[in-house]
Number of protein chains: 4
Amino acid sequence: MAGIRVGVVGGTGYTGVELLRLLAQHPHVELAAVTSRAEAGTAVADMFPSLRGRVALEFSDPKAAPLSECDIVFFATPNGVAMGQAPELLEAGVRVIDLAADFRLRDVAVWEKWYGMRYTAPEWLEQAVYGLTEVNRNRIRVARLVANPGCYPTAVQLGFLPLLERGLVDTGHLIADAKSGVSGAGRKAEVHILFAEASDNFKAYGVAGHRHLPEIRQGLAQMCGNPVGLTFVPHLTPMIRGIHATLYARITREEDFQRVFEDRYRNEPFVDVLPRGSHPDTRSVRAANLCRLAIHRPGDGDTLVVLSVIDNLVKGAAGQAVQNMNVMMGLDECAGLEQLPVLP
Amino acid sequence: MAGIRVGVVGGTGYTGVELLRLLAQHPHVELAAVTSRAEAGTAVADMFPSLRGRVALEFSDPKAAPLSECDIVFFATPNGVAMGQAPELLEAGVRVIDLAADFRLRDVAVWEKWYGMRYTAPEWLEQAVYGLTEVNRNRIRVARLVANPGCYPTAVQLGFLPLLERGLVDTGHLIADAKSGVSGAGRKAEVHILFAEASDNFKAYGVAGHRHLPEIRQGLAQMCGNPVGLTFVPHLTPMIRGIHATLYARITREEDFQRVFEDRYRNEPFVDVLPRGSHPDTRSVRAANLCRLAIHRPGDGDTLVVLSVIDNLVKGAAGQAVQNMNVMMGLDECAGLEQLPVLP
Amino acid sequence: MAGIRVGVVGGTGYTGVELLRLLAQHPHVELAAVTSRAEAGTAVADMFPSLRGRVALEFSDPKAAPLSECDIVFFATPNGVAMGQAPELLEAGVRVIDLAADFRLRDVAVWEKWYGMRYTAPEWLEQAVYGLTEVNRNRIRVARLVANPGCYPTAVQLGFLPLLERGLVDTGHLIADAKSGVSGAGRKAEVHILFAEASDNFKAYGVAGHRHLPEIRQGLAQMCGNPVGLTFVPHLTPMIRGIHATLYARITREEDFQRVFEDRYRNEPFVDVLPRGSHPDTRSVRAANLCRLAIHRPGDGDTLVVLSVIDNLVKGAAGQAVQNMNVMMGLDECAGLEQLPVLP
Amino acid sequence: MAGIRVGVVGGTGYTGVELLRLLAQHPHVELAAVTSRAEAGTAVADMFPSLRGRVALEFSDPKAAPLSECDIVFFATPNGVAMGQAPELLEAGVRVIDLAADFRLRDVAVWEKWYGMRYTAPEWLEQAVYGLTEVNRNRIRVARLVANPGCYPTAVQLGFLPLLERGLVDTGHLIADAKSGVSGAGRKAEVHILFAEASDNFKAYGVAGHRHLPEIRQGLAQMCGNPVGLTFVPHLTPMIRGIHATLYARITREEDFQRVFEDRYRNEPFVDVLPRGSHPDTRSVRAANLCRLAIHRPGDGDTLVVLSVIDNLVKGAAGQAVQNMNVMMGLDECAGLEQLPVLP
């Protein structure tokens, strides 16, 4: 098969380098350009020695890069960049996957409130498809623009999905207690994510409100057809990769919940429902495009506990983006995503 | 002031060595004996080089040690040991603090179910006082036998206490999502707590039922005068020390919750209510006898979120034991417990 | 190409699971059996959830397993097992790669001294080829039995090799200061490698003598044709994977040392000489079959410093074993070993 | 005893907060001012919650702070600040301890080369005493200005000291392979010390030349009365605190080296020579003002190996500074420095 020409805008962050790792190993991809204004002229492998000998490109200036000749372009840029630069590519017929938040929220006012910027691409927002593959596969297939989900939203939505689609729990009082590895905060020079700050330490943050909250609520509402009440508390945990979401829901209709999850995800290549009584650990999905789930009902009470783990950089970002690319391009959905988790 | 003669039974685990660290620095303590059957004859400082030059004792055989001449003896032994050995000391007039679970649960049948042993000291169980100092200070003052609380129970109970005492939340559906550092699992040669297993990893465990669940339920029930419904999910997080409990409760009566907490703990030397909007991190209490709390009400909804952090080995074990000793012996409650947290 | 039938004896340790990860992704391998006496009957993926959906085998009893029908069998067993069990397979025409130390040392007396067992397979020892591929490739091609090198020996020998082959340094006073991640100590229930012991900590061990010392000395002596004097100090560092060897040698003959290394390794697919002035980090080879090297001459003095990094479980164990298998079986040497390092 | 009035200039870094932790617990210290231009007006305990309830001061502007009324002022500032601001205080009769590098090197030209600034206080440099207490105690007693040693220089010099004072090794070819926790890089927003960069990773840095090299060489030269040849390779290791220096020296004169070390340090309260055969770990000095040493002679060869561990923030910075203050002020040298190491 002739290679798909792929461009990456903004390859210097953690989702960027992870995307490069996956694309460089993808059997059908030809990496045409990786851009970074700040690093233009630097060899990609000088910045990320893990790619030495395998990625020969230099970072190029976004303006000079042959992005419009690509079949598909990924934006691994800070929030607000893709809404400015993607439209020109889209109009040139290039398909786009944005790994940032620019096209995730349907409601412009909500977006502007949480992201603190004026929204500049409302016409494209309407065409964007939310890239939670397990929910929107058919629409992704034909999408010109895919909004790749956030990491927390992926772990939380996949964990609640079967319950909400079937109307089995009280959607007014859902709780998502989520724990993320530090790479989730990005490759940014900030004190609170220094090793000497974040190591041997644990804390909650953003309890009053986190940008992923409206994204999760929007997704859950779509699943059940109604607005949901959700308390979402993210925590920073001293590991590099991984999200563990512990989800709590009050049962409103009896079912064999284990069975409900197994049925829903039976044909999903990247969602794995563990046997009853399991406790997935984040390392069981490290560096792999997988979500593993376990369902518990402690003491046979009326509270259901769902444990959901992903690698925030793979199923929570770059891996899911490649999965979406495969769907959009008519490739095997698993192409380039079959590396086994790295354990220990 | 003449020194209090103190004995420690079973000083080879993490609560044991932490107890020795605190006792060796206590201004009014004379350490008379540290026992360990397995390590009898070994210098304590050979096993724990951190104590070199400061603890001159050898581990002695429990039978040979002058425990009955002590004013007070700590048991830092596996569950089931203290109920066998403490009665003889108690009858000799020695006061006892058990850091294990032997005297924590009021109901023998419940204890036997969760700990899988026959209970052999029911007559002493009745006299035992549960050593959550902030709740039982007056009874601890005169107690002959104190059952020092577990680490999770300390963090969770201190976090729910003001709400339950005042009847402000739905006690039928409390949720405690707790995260512990790995030292909480003890100094035991087990594969799942190896560095290469527990590092860069995160997982829940014991969702179906953890031994601290009945202890927490008992304590919460006492606070509100009724049985409570509690979902308790513990997690293992890759840090040495620290517990972060994230507590969720449905509001049933309006109050200024921040104020409620500040009022309740105003005179407590070891509980610190942080300003509104705070997120305590576990390192802010590392190696110190402190519980720090923050209260949140996300989106002004009906769910209250309490964040509670302790060092599992200090306020969650050895420090609280020393606090209880101070109370029992009529010393300044803070004696020997004023070391500042170690940060970073 | 028809698959090669492969057996793994002792797949429950870290080198075992890493071998399974690599073999399960190898394009030409059919995994025929994984044995473990202790775990016979357990699904491999139940013990290592990272392999769920990809390795369908159960651990089987070594006696019942169809090992003699395999083309090649790996021993990932404790020292002393392979010398007992491999001969029968070898006599049946099965080729064997031992990842333990049984066939690494040429001198039986030295082996018995360092490993504290009687040596029982001297006739096979003579036929064994030491599997440092970059040194013995041609002999490995035709070997029936390959002794896969230890992790420290791989990092240290590849770092000294070009200097010793060319006679450029004082071989009487070599120094190897090596740092290993904790997985190097194996998946064993021992206190000193618990998370709470090894995390946030650093120490040397075995300074008086480590089992890898005679192995390294033997290899270095072969390179230069004479016995060498080597001071080898291993250290335990709080990371899961990775070895960083810092090597010191006194220059005895001037050369462009950077050039010497580049020339020696130009055609080696798994050894990467970094540009002048580089400092390789262990994560740049994490989960990949690579050794990266950098050469320094501080202050233009007479002491050369070589920095050598590998992943102890890959180029230091399972990856090198697969590399040797590829060579023995006439496959592309890189088959199944092209996964990129995982960073961050 | 009436309290000593103490000021701290620049209390927002890791050495600053560690200094505050120690000073706040010191029995004879009254903390008069903590300055920070950037944080003026912020409560110290808001920035460092570990100090809540114990340090009531706000950061004050250096100009407004009552520093000239202090008995002693610590500079915990970036290099180059103290040489500008200390002279005015010194002239006002305030004694000064600089924890940065401004007064460590005797030779202005060398200082300017390594620190890349023009040197502005040469007249004070002559009066400065290098604060390695174990070497210069008597001069420190009467010093107006003490240059507190760097962290690596403390660990390395204490490890070589007995050998060099007695002329027992080849001083032309000393090797110091040193490993530091990440807090040694300071509390600076830089990418390379992010958790996701430095965790689960190990690397050397500055092999071509590190600022501590001339400081160590100067100190070693003073010990043996001649210039020394030293190869110094620092490494970054994934732990918060701690330095482990592994030192190599060629023996030139036979002695009982263990005895030499024990004799030299017998009366030193903060240097602990371990029994023969020991391997000190960094956690055995965590959070304590201690250097622990072990001496090895592998294989009875001619190379001596010294293992030296300190906590870089305590004996390598703030603790040694307090030790020097005690000496300068005629206090018990151990006052405020008797906290036991925190283990685990």
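Student: How many helices and strands does the secondary structure of chain A comprise?

Tutor: In this predicted model, chain A has 11 helices and 14 strands.

Student: What makes chain A as compact as a globular protein of its length?

Tutor: The globule rule gives 20 Å for 344 residues, and the radius of gyration of chain A is 19 Å, close to that value; chain A is therefore as compact as a globular protein of that length. Along the principal axes, its C-alpha atoms fill a box of roughly 60 × 45 × 40 Å.

Student: What share of the residues in chain A is buried?

Tutor: The criterion is 20 or more other C-beta atoms within 10 Å, and buried residues make up 61% of the 344 residues in chain A. Of the contacts in chain A with a separation of 6 or more, 71% join residues 24 or more positions apart.

Student: Into which domains is chain A divided, and how far apart are their C-alpha centres?

Tutor: Domain 1 covers 4–127 and domain 2 covers 151–312. Their C-alpha centres are 27 Å apart. Nine residues from domain 1 and seven residues from domain 2 of chain A take part in the contact between them. On the domain 1 side, helix H4 (residues 108–115) of chain A gives the largest share, three residues. That side comprises six nonpolar, one polar and two charged residues.

Student: Why are chains A and D said to be related as by a two-fold rotation axis?

Tutor: Chain D is superposed on chain A by a rotation of 180° with 0.0 Å of shift along its axis, at an RMSD of 0.0 Å. The two copies are thus related as by a two-fold rotation axis. The same surface serves both copies, since 100% of the contact residues of chain D recur in chain A.

Student: How many residues form the contact between chains D and A, and which helix of chain D gives the most?

Tutor: The contact involves 16 residues of chain D and 16 residues of chain A. Helix H8 (residues 195–198) gives the most to the chain D side, with three residues. That side divides into 11 nonpolar, two polar and three charged residues.

Student: How many residues of chain B are in contact with chain A?

Tutor: There are 40 residues of chain B in contact with 40 residues of chain A. Among the elements of chain B that each supply at least two residues are strand S8 (174–180), helix H8 (195–198) and strand S10 (230–236). The chain B side holds 17 nonpolar, 16 polar and seven charged residues.

Student: How do you know whether B:Arg253 is buried or exposed?

Tutor: B:Arg253 has 9 C-beta neighbours inside 10 Å, so B:Arg253 counts as exposed. B:Arg253 is in the loop between S11 and helix H10 (257–265) of chain B. Beyond residues up to four places away in sequence, B:Arg253 touches B:Gly167 and B:Leu168.

Student: Why are the buried residues of helix H3 in chain D said to line one face?

Tutor: In H3 (residues 82–91), D:Ala82, D:Met83, D:Gln85, D:Ala86 and D:Leu89 are buried. Seen down the axis of H3(D), these residues fall within an arc of 165°, so they line one face of the helix. The face turned away from the buried side carries the exposed residues D:Gly84, D:Glu88 and D:Glu91.

How values were computed
Residues are numbered from 1 along each chain as its sequence is written. Chains are lettered from A and ligands numbered from 1 in the order in which they are written. This is a predicted model: local features need pLDDT of at least 70, side-chain atom pairs count only at pLDDT 80 or more; totals for chains, interfaces and linings use all residues. A residue is buried if 20 or more other C-beta atoms lie within 10 Å of its own, exposed if 12 or fewer, and partly exposed in between; C-beta atoms are placed from the backbone. Helices (H or I, at least four residues) and strands (E, at least two) are DSSP runs, numbered from the N terminus. The arc is that of the directions from the helix axis to the C-beta atoms. Two residues are in contact if their C-beta atoms, placed from the backbone, lie within 7 Å. Ala, Val, Leu, Ile, Met, Phe, Trp, Tyr, Cys and Pro count as nonpolar, Asp, Glu, Lys and Arg as charged, and the others, Gly among them, as polar. The radius of gyration is taken over C-alpha atoms; the globule rule is 2.2 Å times the number of residues to the power 0.38. Copies are superposed by least squares on the C-alpha atoms of residues with pLDDT of at least 70 in both. Domain bounds come from an automatic or database domain assignment.
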